[in-house]
Amino acid sequence: MDTIIDRGAPKARNFEPYASNGGSIVAISGKDFAIVASDTRLSEGYMIYTRKQSKLFQLSDKSVLGCTGCWCDTLSLTNIVETQLKSYLYDHNNVMQPGSIAQLLSTLLYSRRFFPYYVYNVLAGLDDNGEGCLYSYDPVGHCEKVSYTAGGSSGVLMQPFLDSWLAKRTADNPVSEEEALNLVKDAFTAAGERDIYTGDEVVYNIIKKEGIKSGVVQLRKD
Amino acid sequence: MALHLNNWIPGNFKSVPNTGSSAQHDIVQHGWTPITTTTSVLGVVFDSGVALAADTLTSYGSMACFGNNPRILTVNKNIIVAAAGEYSDYQFIRDTIEDKITTEKSLNDGISLKPKALHTWLSRVLYNRRTKMKPLWSTFLVAGIQNDKPFLGEIDKLGTAFADEQIASGYGAYLALPLLRKAIDEKRAKSNSSLTKDEAVALLKKCMEVLYYRDARSHDKYQIGVITKDSIEIQDLTLKPNWEVAKFVQGYE
């Protein structure tokens, strides 16, 4: 008697090149500032690798990149961005402007369209007029200029919160630096209560004409 | 611009030559699994240096295969490295690092590799291999002194790299890491200071014992490597387990 045994597809693909290392980014732009913040927890599954890994990468005096997702991709991508910026500086004797960095980042992400960098990016900076600007990305390079955004593991928790406070703002009622920082702190505190991949500390950068101011806020450590 | 390079696509860094096919062009998958494996590796920073611990067992599946395979490596006077995972991948990286050090020594310029540089280098090597879907199935701890400060960093098989004061991989991440964190936090809360060398070594010994009781792939022979500004010591140790605890485990009477 012939029995056909269906063994299914070959089971050789047991290496998973991606990890989800958690972490969240919030960014808000204003008339003369941009604020970008990340938590400092690096984790995988139920395991916390470290409690003090910032996901903010200062690219110049006027731009900071927030990058979360698969940490090994984050390291690689930010290294390439930093190297490209250095190369641009040496070629042109000019620091690349945030708008150009935004396009560069989109191109870099799309260059790996079929083996993506598994990362969520938020680029914050000051544009040519000294006004705050933000660019939000998806992992394959879709780029959108926004006035506020939340991304990473708690992006879906924090975005509606930011919407409720900021969606209906108009030019004659702009968000102040103080209000923006408080919203960032509140967003992370709330996210830390519900998302196990967000916690430990928040680091924030406030980008202004005079320079970049940074600070730390404590979050739940459990 | 390097537009003339083969396979150039927008976003490729312009001066990097074509380094051959990568996973995006060559989607042949490999059944990459570790064969001869080692278990946890631990590391802890103390006031004047870093201590690493790893046992010397290499397993072949569930068989305890080789009982004397050391995996703490002295790189140069600044760095020690410990590995966990596939032992042959560790040997490959060890040989590559030794080549680097030979090249560096032959320059005879008095400049030597520093721990953060090796940490980054390892993260690039492992990331490149994971991107080719041919990973080196290893976790590395890099320990050393840089700018008079102790440095301890981990890199896993994906290229995930970070630095911390206490790191443990594998089963150690579940069983030993909480003990390491607790000891460091309590010392800091009590006297606002870091562990001393003796405390760090005693702590690692305790952790290796705890792991020996519950990690079936662990071993009673192990090594502790200690690096400070002016010394590297790697000592061979044997656990003296106390199986009296077994009486308190329910269900095996």
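What is the volume of the largest cavity? In this predicted model, the largest cavity has a volume of about 60 Å³. A search of the whole structure returns 2 cavities of 30 Å³ or more. The second largest cavity has a volume of about 30 Å³. Empty space of this kind is shown by rolling a probe the size of a water molecule over the atoms.

**Cavities**

The largest cavity is lined by B:T39, B:S40, B:D55, B:R71, B:M208, B:L211, B:D215, B:S218, B:H219 and B:L239.

The lining of the second largest cavity includes A:M47 and A:Y49 from chain A. From chain B, B:E154, B:F162, B:Q166, B:I167, B:A168 and B:L177 line the second largest cavity. Two strands, strand 4 (47–50) of chain A and strand 11 (166–168) of chain B, each supply at least two residues of this lining. Strand 11 of chain B gives the largest share, 3 residues.

**Interface between chains A and B**

The size of an interface is often given as the accessible area lost when the parts come together. Here chain A and chain B bury about 2,800 Å² between them, and 59% of that area lies on carbon and sulfur atoms. A:F15, A:Y49 and A:F115 supply 23% of the area that chain A buries against chain B, more than any other three residues. One of these three, A:Y49, also lines the second largest cavity. In terms of contacts, 32 residues of chain A meet 34 residues of chain B.

Where is A:S153 found in chain A? A:S153 sits in the loop between strand 10 (148–152) and helix 3 (155–166) of chain A. Its relative accessibility is 28%, so A:S153 counts as partly exposed.

Leaving aside residues up to four places away in sequence, A:S153 touches A:G22, A:G23, A:S24, A:D195, A:Y197 and A:T198. Two of these contacts can be described through side chains. The side chain of A:S153 makes a polar contact of 2.7 Å with the side chain of A:D195, and a polar contact of 3.2 Å joins the side chains of A:S153 and A:T198. A:K55 lies 98 residues from A:S153 in sequence, with a C-alpha to C-alpha distance of 13 Å.

Note on methods:
Residues numbered from 1 in each chain as written. Chains lettered and ligands numbered in written order. Predicted model: local features only at pLDDT ≥ 70, side-chain atom pairs only at ≥ 80, totals over all residues. Heavy atoms only, no water. 1 Å grid on protein atoms, 1.4 Å probe; cavity = no way out; pocket = protein on both sides within 12 Å on 5 of 7 lines; lining within 4 Å. Points joined across faces, edges and corners; volume = space filled by probe spheres on them. Helix = DSSP H or I, 4+ residues; strand = E, 2+ residues; numbered from the N terminus. Buried < 20%, exposed > 50% of the residue type's maximum accessible area, 1.4 Å probe, protein only. Contact = heavy atoms within 4.5 Å. Polar contact = N/O pair within 3.5 Å; in protein donor to acceptor, adjacent residues only side chain to side chain. Buried area = accessible area lost by both parts, 1.4 Å probe.
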